[in-house]
Amino acid sequence: MGMDPSFSFETQANGRLIWKDAQTQLFVSQQTLRQQDQLISVIKFPSHSNLLDLVPSERILARRTYDFYFDIAAISSSDLRLISSLAPAIHQLGGQCGLIETFPLNRQLTQADNEIAPVYSSLATLDAPLSSLESIDQDRILSHIETLVNLGTRFHTTGTVASETVSSLMTAANTNSLFTIEAYEHDITSQNSVIARLTGTSLPEETIVIGAHLDSINNLNNSDAPGADDDASGVAILVEMIQVINSLNLSFARTIELQAYAAEEVGLWGSGDIADDYVSSGKAVVGAMQIDMTMYGPNGEDPTIFLVETDTSRDLRRSAVNLIKNYLDGAYSFAVLSRGTSDHKSWSDRGVPALFGFESIPGYNPYIHSSLDTSSQFNNYALNLQISKLALLFLHHYAGVNAASSEYASEKESLFSSAGSDIALAISSGIYLAAGTSTDVATVELCQIDEATQSDCSQERLLLEQFLDRGTRRIFYGEQALDLAAGQKWRVWAYDQGDDLLQKRDIVLSDP
């Protein structure tokens, strides 16, 4: 019942683009699509496996090489039953999360180009967030994890029990009733997502999302899927943020939504359904952060947060580095998920800038997707605390905690100054930018800004990837053509090897 491995659609001329990531794209022939193909699952699996032999041939819409070891295929479905039966095998063969993405055929793919600046620049270090960080209670987080683990399984076909438990935990933490907590029902799974919403005071139409998935999976037996690290640990942090915000009676300029997603393990369905709904209805989600696995380290206690580059925003990653340096005095590392992903991709695919802080990429929890994913395997409480703090800081800066407004106003002018710059700029062929710097600069990034005095990007940052050393100067340049026009305002950032900001410069383009 399988398909010839050579069956693929490599070019847009041959079909419709239905899926993409930073590495490849997948097209499906319009002739192959059928009226009933309302739901599509894209799966990654070892090239040598016979996984597709388990799929009726008429449901295989496309297959192509993904990388040296893996293939990628698109499968049609009218519901989640087929992909639910395949999910354990896909996780077992691939050994990673996010090897399945399930979405409606009419999903619109967009680019995460537009960046909306945080209410408070991530360059600022403010006193107001510190009491929030000190209020985090890790014992409460561990207690919430155990409550979820004790359900035995949270696989999406088991119904609403897991969702109702998460809702109860959020309600109990909502001591001052600052949040509204509601179930989000999905058409094709009985499991609900759960959303806790705190409406913003001055920018209520703009929403900051932090998410984690509430479901679990066991590759061998889905009736025994404790999912402690993956991802009760993330959901427990959402609950703790509700507790802290209520205990300090905090309010924010932008609306906050803490979203616990259903059915992540069968293709990011819960987050994708919500993202489709929000984008199609015009709801402005201006940034999203994912929390998925926070309690394990290959070498035990290690607070290093791995900032995932896959399906995330360069600008939000840079902001996260600023927050970690300014507040947490902690370690971080940039890393790529070679094949997997998490719910943040649902947002980035739909044009929302996303951030994902994770466990060690080369050494993440080996017990996930099994009966052994319990709290007895936890060995990295320091990381869990750091990610909890980063999530709260993300809210304080991007949603704009009102308690910091007067403090920030006094710092704003010095933050946005562009003094001490040693950056020379050149425009080549009218569409390429190059920067000349001192040789201690390791990275140059640039972005458009709305105002010459604004410190944050209005579009995704660009990296000048190439450089040449010329005596005492280093010349950085990029291979990406830019849409340059008179009147545009750009900011150029120069960082050293340790990601400390050395210089920045603003330019305003004029006609030659």
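The axes of helix H4 (residues 161–173) and helix H5 (residues 228–247) come within 8 Å of each other and cross at roughly 20°, which makes H4 roughly parallel to H5. This is a predicted model, in which local features need pLDDT of at least 70 and side-chain atom pairs count only at pLDDT 80 or more, whereas totals for chains, interfaces and linings use all residues. Residues are numbered from 1 along each chain as its sequence is written, and side-chain values use heavy atoms, with hydrogens and water left out.

**Helix packing**

- Helices (H or I, at least four residues) and strands (E, at least two) are DSSP runs numbered from the N terminus, and axes are lines fitted to C-alpha atoms, for helices over the stretch in contact, with angles running from 0 to 180 degrees between N-to-C directions.
- The crossing of H4 and H5 is right-handed, a crossing being right-handed if the near helix is turned clockwise from the far one by less than a right angle, and left-handed if anticlockwise.
- Helix H7 (residues 314–328) and helix H9 (residues 381–400) pack with their axes 10 Å apart, at an angle of about 110°.
- H7 and H9 are therefore roughly perpendicular to each other, on a scale where angles under 35 degrees count as roughly parallel, over 145 as roughly antiparallel, 65 to 115 as roughly perpendicular and the rest as oblique.
- H7 passes H9 in a right-handed crossing.

**Sheets**

- An open sheet with mixed pairing is formed by 8 strands in the order E7-E8-E10-E9-E11-E14-E12-E13, where two strands pair if DSSP finds at least two bridges between them.
- At the edges of this sheet stand strand E7 (180–184) and strand E13 (332–335), each with a single partner strand, so one side of each has no neighbour in the sheet.
- Neighbouring strands of the sheet are turned against each other by 25° on average, direction ignored.
- Another open sheet, with antiparallel pairing, has 4 strands in the order E15-E16-E20-E19; its edge strands, E15 (424–428) and E19 (466–470), each pair on one side only, and the twist averages 25° from one strand to the next.
- Strand E16 (residues 432–438) pairs with strand E20 (residues 473–477) in the antiparallel sense over 5 bridges, and the bridge partner of Thr437 in E20 is Arg474.

**Cavities**

- The structure holds 5 cavities of 30 Å³ or more, a cavity being a set of points, on a 1 Å grid over the protein atoms alone, where a 1.4 Å probe fits but cannot get out.
- The largest cavity contains about 110 Å³ of space, the volume being the space filled by probe spheres set on the points, which are joined across faces, edges and corners.
- Residues lining the largest cavity include Gln96, Asp292, Phe356, Phe358 and Tyr364, where lining residues have an atom within 4 Å of a point.
- By class, this lining has 7 nonpolar, 4 polar and 1 charged residues, with Ala, Val, Leu, Ile, Met, Phe, Trp, Tyr, Cys and Pro counted as nonpolar, Asp, Glu, Lys and Arg as charged, and the others, Gly among them, as polar.

**Backbone geometry**

- Most residues other than glycine have a negative phi, and most peptide bonds are trans.
- The peptide bond from Asp230 to Asp231 is cis, with omega near 5°, and Asp231 is found in helix H5.
- Ser177, which lies in the loop between H4 and E7, has a positive phi of about 55° although it is not a glycine.

Conventions
On a 1 Å grid over the protein atoms alone, a cavity is a set of points where a 1.4 Å probe fits but cannot get out, and a pocket is an open set with protein on both sides within 12 Å along at least five of seven lines; lining residues have an atom within 4 Å of a point.
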